[in-house]
Amino acid sequence: MRLHSMSSDSPISSPDSQPESPVSDLIDLTLLLSDELLLRVLSKFPDCERNLNFLVCKRWLNLQGRLVRSLRVTDFDFLLSGRLVLRFPNLNQVDLVSGCWVSSRNSSILMSHGVLSMHIDPWLLLYSNVGEKIVLESVLIDRGLKVLANGCPNLRKLSLVGGSEFGLLNVAKECELLQELELHKCSDCMLQGIAAFENLQILKLVGNVDGFFSSAVTDIGLTIVARGCRRLVKLEVSGCEGSFDGIKAIGQCCPMLEELTLCDHRMDDGWLAGLQYCENLKTLKIISCKRIDANPGPDEYLSSCPALERLHLQNSQLRDSVSVRALFMTCGAAREIFIRDCWGLDDDMFGFANNCWRVKMLLLEGCSVLTTEGLESVVLQWKELQSLEVESCKNIKDSCISPALSEVFSVLKNLKWRPDTKSLLSSSLVETCMGKKGGRFF
């Protein structure tokens, strides 16, 4: 409007005057907007278009960096040089896992494990723990953490591999709002710096990964975490050692803990008895564990978690009757049970689930040994059951459903029944003539 009023007040040009240059039509009107106002405009763009705005000009490049809140770093030198914090000063979520390795970009061998993925040289395949050879030195990682903490004090979530307690102390000093931390290749010594995170609520510890790297987190590290992070709400330990003492310390010192995940644990016998001290624990997840607890101790030492609501079992071995029985006794107050792709869950093992008398929801997936009779023996005892989902359990047959089990199905609020995918496939192809032309057709 200001430019328009100025042009309207100007005198009429004479015929002899030179015509205006077409360059005047290319004036960048966004220069009239302040950075704060232009940031508000750019923030309204959809995510698919927002990342292209930095190609317009240098000013938009700098402003676009202020809008970025989450970033995954693949080049650690970008952090060490200070360019990362200059380009993205308002980050609150940073993932350094992919950048903490010496990756060979010219190699065609890609090695991945979970969230870890990198290119490695062929000669590294000769070593059992490849990650020990290609992880960056702790000094470099600590230096990068110091640069990140000074440049991004509003961090809320951080993921990294390696480092030492000094790097964590720098982050805790500058980033007081940090709430979520993920540490790979951590050890008891490294956890000494975690006590300074007063507002930490979500913590993931990865100690030992078979064939990749080896690092020990024992009861000492769990006790340090318990005494330093008293506001923990979620805790996940993967490839970590420990025993009854470590779990007990977590339960006594972290009264707000609501979710505990054990992945590929190496706990000593008797750790299940420590769960009774987690008075507010609502969710227990056991994932990819070769064993649960081979020697949980006498029954009088196994008390049920009073606030437990959900039990998740996934990709774990459920072949030991002693440990399975102790687990269901400890989780007797659970209202929701999820069992996915667990080996050894037969009728006898599943029968121990009768100890969970308050179950309202049951999900079974990939339990190939469990039969209809084993399912019925437990489901008929659960008077509060409201939801049942059965998928890919080949020994659970429709023809074996009894009238009593059918009556239970009729009163459920939610029923998802797909135990045998083969029968569903054959019934759906009856009128299509598919599957009747032999191997040549397929």
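Buried means under 20% relative accessible area, exposed means over 50%, and partly exposed lies in between, using a 1.4 Å probe and protein chains only. Keep that scale in mind for the tour.

**Before you start**

This is a predicted model, in which local features need pLDDT of at least 70, side-chain atom pairs count only at pLDDT 80 or more, and totals for chains, interfaces and linings use all residues. Residues are numbered from 1 along each chain as its sequence is written, and side-chain values use heavy atoms, with hydrogens and water left out.

**Whole chain**

Select everything. The chain holds 17 helices and 17 strands. These are DSSP runs numbered from the N terminus: H or I of at least four residues for helices, E of at least two for strands. Of the 442 residues, 43% are buried. The accessible surface comes to about 23600 Å², and 52% of it belongs to carbon and sulfur atoms. Those areas come from the Shrake-Rupley method with a 1.4 Å probe; for residues, only the protein chains shown count as cover. Among contacts with a separation of 6 or more, 68% join residues 24 or more positions apart. Contact here means heavy atoms within 4.5 Å.

**Stop 1: D264**

Select D264. It sits in the loop between β10 (259-263) and β11. Is D264 buried or exposed? D264 is buried, with a relative accessible area of 17%. Check the backbone too: phi of D264 is near 50 degrees, a positive value in a residue other than glycine.

**Stop 2: K185**

Go to the loop between β6 (180-184) and β7 (202-206), where K185 lies. Phi of K185 is near 55 degrees, again positive in a residue other than glycine.

**Stop 3: N280**

Select N280, in the loop between β11 (266-267) and β12 (283-287). N280 is partly exposed, at a relative accessible area of 39%. Leaving out residues up to four places away in sequence, N280 touches P255, L257, E258 and A307.

**Stop 4: helix pairs**

Two packed helices are described by the angle between their axes and the distance between the axes. Axes are lines fitted to C-alpha atoms, for helices over the stretch in contact, and angles run from 0 to 180 degrees between N-to-C directions. Under 35 degrees counts as roughly parallel, over 145 as roughly antiparallel, 65 to 115 as roughly perpendicular, and the rest as oblique.

*α8 and α9.* Select residues 138-151 (α8) and 165-174 (α9). Their axes come within 8 Å and cross at roughly 5 degrees. α8 and α9 are therefore roughly parallel to each other. On α8, show D142, L145, K146, A149 and N150; on α9, show F166, G167, L168, N170, V171 and E174. The contact has five nonpolar, three polar and three charged residues. Nonpolar covers Ala, Val, Leu, Ile, Met, Phe, Trp, Tyr, Cys and Pro; charged covers Asp, Glu, Lys and Arg; the others, Gly among them, are polar.

*α10 and α11.* Move to residues 219-228 (α10) and 244-253 (α11). The angle is about 0 degrees, with the axes 8 Å apart. That makes α10 roughly parallel to α11. D219, L222, T223, V225, A226 and R227 of α10 meet D245, G246, A249, I250 and C253 of α11. By class: six nonpolar, two polar and three charged.

T372, E376 and V379 of α14 contact A404, L405 and V408 of α15.
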